[in-house]
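We will go stop by stop.

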Amino acid sequence: MEVFEINREEELDQLAKYILLNYPDRQVFALYGPLGAGKTTFIKYLSKQLGVVDSVKSPTYTLANVYKTYQNEKIYHLDLFRIKESVEWLDIGVDDYIEDPNAVIFVEWPEKIRDLLPPDRTLMIHINPDPDTQKRKIVILLPDEQENHT
Ligand SMILES: Nc1ncnc2c1ncn2[C@@H]1O[C@H](COP(=O)(O)OP(=O)(O)OP(=O)(O)O)[C@@H](O)[C@H]1O
Ligand SMILES: [Mg+2]
């Protein structure tokens, strides 16, 4: 487990670099946090580091966006806020994305598909905003550490 204090949005650039360098075996990035915590924003910074050329916006009508990097790699961005727990994920093909060994997947509201997250390839990123300031505490966990984290 690692904990980072983020005072300004621009600091996410460094943290995105750090995470991608230090967790090279992780392919599924599960972003937890309340509404407006900054999940989409952090996905933008991570995508930028991965060389995404498309503009990163949360999928509104589709649940999933696909981006391309300049090396033509695929990045999937899922926002599961509106799906019912473990009901509709089959429809949006979450399992296909996760089984694709070449894809990078970002998931907002990953608690909806808890059992589908591959333990050996997932990194959990918890964003905890401070209600009184713009600051965020970001906690990085491997799946086996998450079991002990409440
Ligand atoms: N680290 C940060 N520092 C300051 N402001 C931030 C930070 N991260 C995000 N924000 C701002 O907070 C707002 C909400 O961010 P964002 O849309 O990324 O949240 P979210 O967790 O994806 O929300 P939702 O639950 O609706 O998907 C945006 O206006 C964004 O600019
Ligand atoms: Mg979002």
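How many salt bridges does the count come to? The count is four. A salt bridge here is a side-chain nitrogen of Lys or Arg within 4 Å of a carboxyl oxygen of Asp or Glu.

Before you click, some ground rules. This is a predicted model: local features need pLDDT of at least 70, side-chain atom pairs count only at pLDDT 80 or more, and totals for chains, interfaces and linings use all residues. Residues are numbered from 1 along each chain as its sequence is written, chains are lettered from A and ligands numbered from 1 in the order in which they are written, and side-chain values use heavy atoms, leaving out hydrogens and water.

**Stop 1: the salt bridges**

Select R8 and E11. Their side chains meet in a salt bridge, with N and O 4.0 Å apart. Are these residues buried or exposed, or something in between? Buried means under 20% relative accessible area, exposed means over 50%, and partly exposed is in between (1.4 Å probe, protein chains only). R8 counts as partly exposed because its relative accessibility is 48%. E11 is partly exposed too, at 24%.

Next, select D25 and R26. These two form a salt bridge, and their closest N and O atoms are 3.1 Å apart. D25 is partly exposed, with a relative accessible area of 46%. R26 is buried, with 13%. Salt bridges that share partners join R8, E10 and E11 into one network.

Now pick K48 and D13. This salt bridge has an N to O distance of 3.0 Å. K48 lies in helix α2 and D13 in helix α1 (residues 12-22), so the pair ties together parts that are 35 residues apart in sequence. Helices (H or I, at least four residues) and strands (E, at least two) are DSSP runs, numbered from the N terminus.

**Stop 2: around D13**

Stay on D13, in helix α1. Show its side chain together with that of Q49. A polar contact of 3.3 Å joins the two side chains. A polar contact is a pair of N or O atoms within 3.5 Å; within protein, one must be able to donate a hydrogen and the other to accept it, and residues adjacent in sequence count only if both atoms are side-chain atoms. Which residues touch D13, leaving aside its neighbours within four places in sequence? They are Y45, K48 and Q49. Contact means heavy atoms within 4.5 Å.

**Stop 3: ligand 1**

Centre the view on ligand 1. How many residues surround ligand 1? There are 15, and the closest are G36, G38, K39, T40 and T41. A residue joins this shell if one of its heavy atoms lies within 4 Å of the ligand.

Colour the shell by class. It has six nonpolar, five polar and four charged residues. Ala, Val, Leu, Ile, Met, Phe, Trp, Tyr, Cys and Pro count as nonpolar, Asp, Glu, Lys and Arg as charged, and the others, Gly among them, as polar. Now highlight helix α2, residues 39-50. This helix gives the most to the shell, with three residues.

- T40: a polar side-chain atom lies 2.8 Å from an oxygen atom of ligand 1.
- E108: a polar side-chain atom lies 3.1 Å from an oxygen atom of ligand 1.
- R136: an N or O atom of the side chain is 3.3 Å from an oxygen atom of ligand 1.

How much of ligand 1 does the protein cover? On its own, ligand 1 has 640 Å² of accessible area, and the protein covers 69% of that. Such areas come from the Shrake-Rupley method with a 1.4 Å probe; for residues, only the protein chains shown count as cover.

**Stop 4: Q27**

Select Q27, in the loop between α1 and β2 (28-32). Q27 counts as buried because its relative accessibility is 7%. The Q27 side chain reaches the backbone oxygen of D100 at 2.5 Å. Its contacts beyond four places in sequence include I98, P101 and R121. The C-alpha atoms of Q27 and I105 are separated by 6.3 Å, though the residues are 78 apart along the chain.

**Stop 5: two exposed loop residues**

Select Y70, in the loop between β3 (64-68) and β4 (74-79). Y70 counts as exposed, at 62% relative accessibility. Leaving aside neighbours within four places in sequence, Y70 is in contact with G51 and V53.

Finish at P131, in the loop between β6 (122-129) and β7 (136-141). P131 counts as exposed, at 77%. The C-alpha atoms of P131 and V66 are separated by 32 Å.
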